[in-house]
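Trainee: Please pick one part of this model and look at it closely. Then use the same terms to go through some other places.

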Amino acid sequence: MKAIILAGGRGERLGGLTDSRSKVMLPLAGKPMLEWLLHELEETEVKEVTIVYYYAGERILTHFGSGRNYDLKIKFVKQHSDRGTVGSLMTGLSDIEGNDDERILILNGDNVVDSKSINLLLKMQGNGLIVSEHDNPQHFGVVEFKGTNVKSITEKPDINQIRSRMVSTGVWFLKKEVLEKIKLDFEEGQTELSTSISKQIKEGLEIETVRTENWHDVDHPWDLNKLNRYLLERIPRFISKKAEISDFSTIDGDVHIGNGTIVHPGCVIQGPVHIAENCEIGPLAVITGSTSISSGCRIGPFTRIRSSLIMRDVQIDSNCSIHHSIIGPATSFRSNVEVDASSVQKTVRNTNYQIRRLGLVTGEACMLEQGVICAPGTMLGSQVLVGRRTKLDGEYETGTRLIRGA
Amino acid sequence: MCGIFGMIGDSNTTKLLMQGLKRMEYRGYDSSGICIVDNNEFIRRRAVGELSNLEPLVVNLPNAECGIAHTRWATHGPPTEDNAHPHMSPKLDVAVVHNGIIENEVELRKELSSIDKNIIFKSDTDSEIIAHLLSNEIKNSGLDLKKSKDEEFISCWKKVIDKLEGSFALAVILKGRNDFILFARKFAPLVISHDGNKGILASDVSCIVGITDKVHYLEEGDWGLINKNGLKIFNIDGDLVEKEPKKLEWTLGDAELGGYPTFMLKEIYEQPRVVRDCLRGRLSREKIKGVSIPFNPRLLRIVGCGTAYNAGLLARYYIEQLSKIPVILDHAHEFRYGAPSGPKSLVIGISQSGETADTLAAIQAAHERGYPTLGIVNVESSTIARNVDTMIGIRAGPEIGVASTKAFTGQVLGGLLVAMKLGQDSKNFHREDLSYFDRHARMLPTSIERMLNDQNIKTKLWEAQQYFVDKNHAFFLGRNTSYPIALEGALKLKEISYIHAEGYAGGELKHGPLALVEEGTPIVVIASEGSSHKKLLGNAREVAARGAKVILITHQEDELADSHADLVIKVPRTHDLLQPLLYNIICQLLSLNIAEERGCNVDRPRNLAKSVTVE
């Protein structure tokens, strides 16, 4: 069984977080999203995977190397140009041309879906699609049914005309002849996959469905915290023998601590928490809730972190308070930075999002000096420099310099 | 420079030998060959040019259990099929592969001719002589190729090795004997592995990762025999030695392309990781760890060749600026011609492979003069690493592309660690300085990642390469810490694109090189720090006034840049000491793009080989 994973897109709505990596490479609970998906596929009939990359593809190649660490035969192909999902799919298909599989599994690299649902899909007799309920169906292909089969898919419908909250997850299991027709359509200029399939449904194509509750999509930064929380639940307690943990620290619950990480005395770490390799924590730091800390981070004395996603090489000095936040790689906080988190309302593309709790979101390599205070929902681009005791509220573009006198 | 590979005890030997050669191709690629033991005969195949020319010749070879293979970088005689290894004795009873140079070749030829007046040498190589010598020795000892035990050949082998002067890594097989391989090494690399069933000999660990994960590193002058059941290693005095195998740190993925079109591109993109790994555990806010300099040197002498020399030059600026200790930099091969530098000198050798013959010779000369030595190397099991008093491993992982990229970054960081350590010891580099540096150093990998994925930079690079593609000459200018980058940028360009390129210090322009500038000459100016930057921009003006196309590589906060160049490439701002590394990566990408546009093979540039293990 072969699968094609479409991993070419950037993830525009994640701002600075995707400046130097695509959405599929954002780390959640210790692994990039794409790696989580590959681990799910290892639990299925799928034996070979072709990953189609485009944006920041070298990051994918460098991370996965030859792909030998998986129970899957993995191949990487570069999409020739940025021509929509179908363009990406066609690149993947041309790579596996001549294979004798009747049907091909197609997935998006920036979603996580569980192996159980994939296995149900693979057991279908004909063509299949995994569907899931979503709070904002208007941004997806909304699915209507006849029985359990697809009656229609309406791509990004007008909010007033939505008759179903069930959406297409983009996980398809399609016969060769269906793919052939998609190809013909593509040659005539159709670059949206669900539109092309909708046309075939109108012509009588039958597509069975599998419903899942374990599909997670990331569209906006705050979705990352949600998915991080879900993935952290799957991580058992593991404390590396190559980590240095002070006897005077308290480590409770499902906590993962990777090789080379040092936990100084007086720290309290309350799971579910994932701390990757070569970090330095404390002394007297407190890390709780659903928090992931990527490798190479340094968390200073008396600093408190809760329900946050801290990416690679982040430095947080003493006595900071950070919660419900997403901190991009190589961001550096001096001491006494305070992040406030609460319920926040954001409007993106004419849609209102009510986020239960949100603190600070930063892109890559921001620098916050001593005593910066961030209002709930503050969002920074990349390389934002913030001077001492500045109060932040709202959104700041990449490269902004908030230094007094400058 | 050449690569040798030998294998015993696996029924797929032919296939594995070819696979091993493929991995070793970076060591030399002007001819290649293999020889296997089949029943009572040798089967030998050789071809000129890249390995793909040999492949069709081996398709129909039988499976064998014992064989040797070689990939050549010509030193003695042009790359022809006759000069390709393996070489055989006139009686066709001995086959040998050799990496190194036999210095008493002339004497040995005379000796052989005096024994047999009609002797015919089939090749121009020094290596063929070794096969002749062993064949004679076997005959003189009255050994029977079919019946004698493998141990009986050991003493013959020792007699041959004792006659050889110079450098060598050798693997030898005998006609009809698929039960053992003889080996020896002296001033040329060789590693051995045995897993109880099969044995492997190779010039370099990167050729055997994936086949085995435990290897024996041989000392200078070690020799012996490997058979299906195990191996016997003797030292230079002829005593049997016991060696514990060491576990390989590198994995197969490190030595494979894994989706990248070239190793050079792959290795450029690995640099964020190299920075992280190289500084891990060594850099903190308070002090430099893991760099031990046991005394306070009054003078430093740095030696290296090629890219390592350029890294050494940058290290010189760092050390002098941070510690105020004077540094003398030498090309490793010129070191021995200089005068001894008096007491309290520390000699620093820089080499990616740790096998560079010139650098090794300089380290040995330093030992003879009684100086302590420090090595900055990538391969931590290498000869240089084992011969210096203190070693800093740069942790770059296997570098396969012949043009060095990630190793330069690691070597520069290694030099910087030494500079900061000396600076702290001499109280010229303070704790606040280190803390400030540390904050920026931790952000460096992300800055590199941002730069590598910056669409604007990609476009600029594409525009810049248009200035070069149809040109025969180009220049790189720098000042202060950007001068070494100008040298390295020029070296990269000439290595892989075959455009004649030179790096100059900006101040040197008026003293000669300016005469070479004409309409359209591409000139890359690498920004420098502080007051020297303005001077350098003045130099840029001078060349622009003479019709040159100026490409300025600088950082995002440089406001003077735009009015001084035809094209400006801006990289993220980082600490002054680290800024040159970002500029260098731009130069790497520029050279790579130009070379590819000109249709050159960037991983295997003509006439060059990866680790230069001959002087």
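Mentor: Start with Asp239(B), which sits in the loop between strand 13 (231–234) and strand 14 (240–241) of chain B. Strands here are DSSP runs of E with at least two residues, helices are runs of H or I with at least four residues, and both are numbered from the N terminus. The model is predicted, so local features need pLDDT of at least 70 and side-chain atom pairs count only at pLDDT 80 or more, while totals for chains, interfaces and linings use all residues. Residues are numbered from 1 along each chain as its sequence is written, chains are lettered from A and ligands numbered from 1 in the order in which they are written, and side-chain values use heavy atoms, with hydrogens and water left out.

Asp239(B) has a relative accessible area of 43%, so it is partly exposed. With a 1.4 Å probe and protein chains only, buried means under 20%, exposed means over 50%, and partly exposed is in between. Leaving aside residues up to four places away in sequence, Asp239(B) touches Ile233(B) and Phe234(B); such a contact means heavy atoms within 4.5 Å. Asp222(B) is 17 residues from Asp239(B) along the chain, and their C-alpha atoms are 9.6 Å apart.

Other loops show backbone angles worth noting. Most residues other than glycine have a negative phi, and most peptide bonds are trans. Lys324(B), in the loop between helix 8 (307–323) and strand 17 (327–331) of chain B, has a positive phi, near 65°. Its relative accessibility is 55%, so Lys324(B) counts as exposed. In chain A, Asn319(A) has a phi near 55°, also a positive value in a residue other than glycine. Asn319(A) belongs to the loop between strand 27 (315–316) and strand 28 (321–323), and with a relative accessible area of 32% it is partly exposed.

As for peptide bonds, the one that joins His85(B) and Pro86(B) is cis, with omega about -5°. Pro86(B) lies in the loop between strand 4 (66–72) and strand 5 (87–88) of chain B. In chain A, the bond from Gly271(A) to Pro272(A) is cis as well, with omega near 0°, and Pro272(A) is in the loop between strand 19 (268–270) and strand 20 (273–275).

Now take a helix. Helix 2 of chain A (residues 57–64) is mostly covered, with six of its eight residues buried. The buried ones are Gly57(A), Glu58(A), Arg59(A), Ile60(A), Leu61(A) and Phe64(A). Within chain A, they pack against strand 1 (2–7), helix 1 (33–42), strand 4 (48–53) and strand 5 (73–78); in chain B, they pack against helix 6 (263–269) and helix 13. Just after helix 2, Gly65(A) takes a positive phi of about 55°.

The rings come next. Over all chains there are eight aromatic pairs. Rings of Phe, Tyr and Trp (its six-membered ring) pair if their centres lie within 6.5 Å; planes under 30 degrees apart are called stacked, over 60 edge-to-face, and the rest tilted. Trp222(A) is in helix 7 (residues 221–232) and Tyr353(A) in strand 33 (residues 351–358) of chain A, so the pair ties together parts 131 residues apart in sequence. Ring pairs also link Phe64(A), Tyr70(A) and Phe76(A) into a cluster.

The last place is the interface. In chain B, 24 residues are in contact with 34 residues of chain A. The two chains bury about 2,600 Å² between them, 42% of it given by carbon and sulfur atoms; buried area is the accessible area (1.4 Å probe) that two parts lose on being put together, summed over both. On the side of chain B, Arg439(B), Arg442(B) and Arg450(B) lose the most area to chain A, together 28% of what that side buries. Eight salt bridges cross the interface, each a side-chain nitrogen of Lys or Arg within 4 Å of a carboxyl oxygen of Asp or Glu. One of them joins Glu557(B) and Arg401(A), at 3.3 Å from N to O. Helix 13 (residues 431–452) of chain B gives the most to the side of chain B that touches chain A, with nine residues.
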